[in-house]
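Subject: Structure for you to look at

Hello,

I am passing on the structure we talked about. My notes on it follow below.

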Amino acid sequence: MRISFNNRFFSRETWTAVGFLLPLVGFVVIFILLPVLGTLTDSFFLDVTYRPKRFLGADNFIWLFNDPGFGRALRFTALFVLVSVPLEVILGLIMALVLNERLPLRGLMRAAVLVPWAIPAVVSGRIFELIYNYSYGAANYVLRTLHLTQGPVNWLGSEIGAFLALVAADSWKTTPFAAIILLAGLSAIPADLYRQAQVDRATFIQRFFKITLPLLKAVLIVVLLFRTIEALRVFDLIFVLTGGGPGGATTSVSLFGYNYFSAGDFGYGSTASVILFIMAFGLSLGLVKLGRVEQGVMP
Amino acid sequence: MNEDAFKKAIIFTAAAATILFCLAPFGYMILTGFSRYPDFFSPQTPWVATLSNYRAVMFSESLHFTAFLRNSIIVSAASAVISVFFASLAAYAITRLALPGKLLFMFLILAMSMFPPVSLVGYLFKLMTALGWINTYPALIFPYVAWTLPLSLWILVSYFSRIPRDLDRAGLIDGCSRLQILFKIIFPVAAPGIFATLLLAFIFAFNEFLFALMLTTDRAARTIPVGIALFEGLHGQIPWGEIMAAATLATLPVVALALIFQRRIIQGLTRGAVKG
């Protein structure tokens, strides 16, 4: 259908369309865009509850970059993303490959995969808090039964233990999401290709690297993008499982910002949040460029 | 043949590992909720069945568990319905009406969901305080609607774009308005997709934590994830049995929905992400 541009720029139909978009745009502008801009503005102010608001220029940013606590949060968050995202995507790919096979328990497996995805991150945090319990948690029970360690491990009491505990708990919760999306990508690969490969006597490994991986590239990048964005903002799990400890070793940038907000310091908390969303945007743009995701994600 | 048998063995092992990996922590939660002694993994402690944890969670006034659960269900259901309604209006306009810059619009909306929640929550707290909405349902429902709209829009656009346009044309010829076409023709045909989107939006709202933590203060509006995160014992000892009973009850609605409507959920989740 051609739009007529005779005396108005917008046709009647276009005005109807604008009307249909209005409620959505209103909600998104008022409850996402304005808050983000508000946060950006606040980052240039001293804005503490019960104290007069005062413009600071870039002082918050200068303090933030000289704040060892923030440096630590930044390093922890980067390390968490670098370790957990590849781990989850690789595990998710293995799960998806298994789910794609014709197995007797396929239905049960697909249901099982949805369970960790569906439960709140807070609940998974509490389950893992009990699993890692020093004296009666399941993790130390397994280690003791299999005689893998001399004594019980103080998971949440050491920096490296707490880090690994968080990565494991996060992988449990989010690997299924990667698996579900990758499975959809796998089932979109034409079966003819595999049949042809079988005729050519290609091995399992060859088929994986020559057919599966190249055709799955677009979906893999989408999953990487989603997982990276979510891992960067990690909050719920850490709040429950370690509270950012021991000694601030597992405080993510989100938790760092929240701690200032909940103490009433909106200026400094906003500054940390601004750095986080700049990182999220930068990484997203990079990943989108890397894979020209548009072709992969458009319906 | 030998390679085949080897491959089969690997796949079966991986399948068993997948099921164990996904269900073991979940099973541990349920087991602990029904256990008289939460430390049943220590050497001399037996596992003894009891319902006392559930009784405590359901009936003890001071825990406010039922209030939290009610808040969660009301807030999530309202958010999901409003979000899907507005998203379907927008999805109709995008798939059916003459509109310049549709693709750009879709990506701008998607970009909105890339902002980390912590970069909104400080401002939202001040906004809700100014409105006097702190610790009320609207303080959560409005941000949740906005937060789930991009997801709802993307899924619905993919469903709506598969519905033949001839249906619209027939409606137009019969003199229906655009709204009538959406309600009387598109909605019934797209019902499975709309239902899937509702479920996903509900689950996302039900599981949300940071906004709920910051924008509510007590049982008048506090939701289940916050209740469970802040669940501590009165006398120093963490009441693991009760926490796990509460966690099981809180998880039940979402897990049941996810399992009953497995196919639709997976379809909805993947529609937004994979071209297919």
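A word on confidence before the rest: pLDDT is the predictor's confidence in each residue, on a scale from 0 to 100. This is a predicted model. In chain B the lowest mean, 79, belongs to helix H13 (residues 262-273) of chain B, and the highest, 96, to helix H10 (residues 210-215) of chain B. Chain B as a whole has a mean pLDDT of 88, with 96% of its residues at 70 or more. For the complex, the predictor gives a pTM of 0.91 and an ipTM of 0.90.

Chain B

Chain B has 13 helices and 0 strands. Its C-alpha atoms fill a box of roughly 75 × 70 × 35 Å along the principal axes. Of its 276 residues, 50% count as buried. Among contacts in chain B between residues at least 6 apart in sequence, 76% link residues at least 24 apart.

The interface

Chain A contributes 87 residues to the contact and chain B contributes 77 residues. On the side of chain B that touches chain A, helix H1 (residues 2-33) of chain B supplies the largest share, 13 residues. That side of chain B is made up of 59 nonpolar, 12 polar and 6 charged residues.

The nonpolar core

The largest nonpolar core holds 177 residues, and those touching the most other members are Ile181(A), Val223(A), Ala90(B), Ala93(B), Leu153(B) and Ile228(B). Helix H6 (residues 137-160) of chain B gives the largest share of this core, 17 residues. Leaving out residues up to four places away in sequence, Leu153(B) touches Ala87(B), Ala90(B), Ala91(B) and Ile109(B), and also Leu24(A).

Points in chain A

Helix H7 (residues 159-187) of chain A has 29 residues and reaches 41 Å from its first C-alpha to its last, close to the 42 Å expected at 1.5 Å a residue. Even so, H7(A) bends by about 40° at Trp172(A), and the proline Pro176(A) follows within four residues.

Thr228(A) is in helix H9 (residues 204-232) of chain A. Thr228(A) counts as buried because it has 22 C-beta neighbours inside 10 Å, and the cut-off for buried is 20 or more. Beyond its neighbours within four places in sequence, Thr228(A) is in contact with Val81(A), Val85(A), Leu283(A) and Leu287(A). The C-alpha atoms of Thr228(A) and Ser284(A) are 8.3 Å apart, although the two are 56 residues apart along the chain.

The peptide bond from Gly245(A) to Pro246(A) is cis, with omega near 0°. Pro246(A) sits in the loop between helix H10 (236-241) and helix H11 (253-262) of chain A.

Backbone points in chain B

Which backbone angle of His64(B) is positive, although His64(B) is not a glycine? It is phi, at about 60°. His64(B) is in the loop between helix H2 (52-59) and helix H3 (65-96) of chain B. His64(B) counts as partly exposed because it has 16 C-beta neighbours inside 10 Å.

Asn135(B), not a glycine either, has a positive phi of about 65°. Asn135(B) lies in the loop between helix H5 (118-131) and H6 of chain B. With 16 other C-beta atoms within 10 Å, Asn135(B) is partly exposed.

Regards

Technical notes
Residues numbered from 1 in each chain as written. Chains lettered and ligands numbered in written order. Predicted model: local features only at pLDDT ≥ 70, side-chain atom pairs only at ≥ 80, totals over all residues. Contact = placed C-beta atoms within 7 Å. Helix = DSSP H or I, 4+ residues; strand = E, 2+ residues; numbered from the N terminus. Nonpolar A, V, L, I, M, F, W, Y, C, P; charged D, E, K, R; others polar. Buried ≥ 20, exposed ≤ 12 C-beta atoms within 10 Å, placed from the backbone. Expected span 1.5 Å × (residues − 1). Bend = angle between axes of the 7 residues up to and from the residue. Core = buried A, V, L, I, M, F, W, Y, C linked by C-beta atoms within 7 Å.
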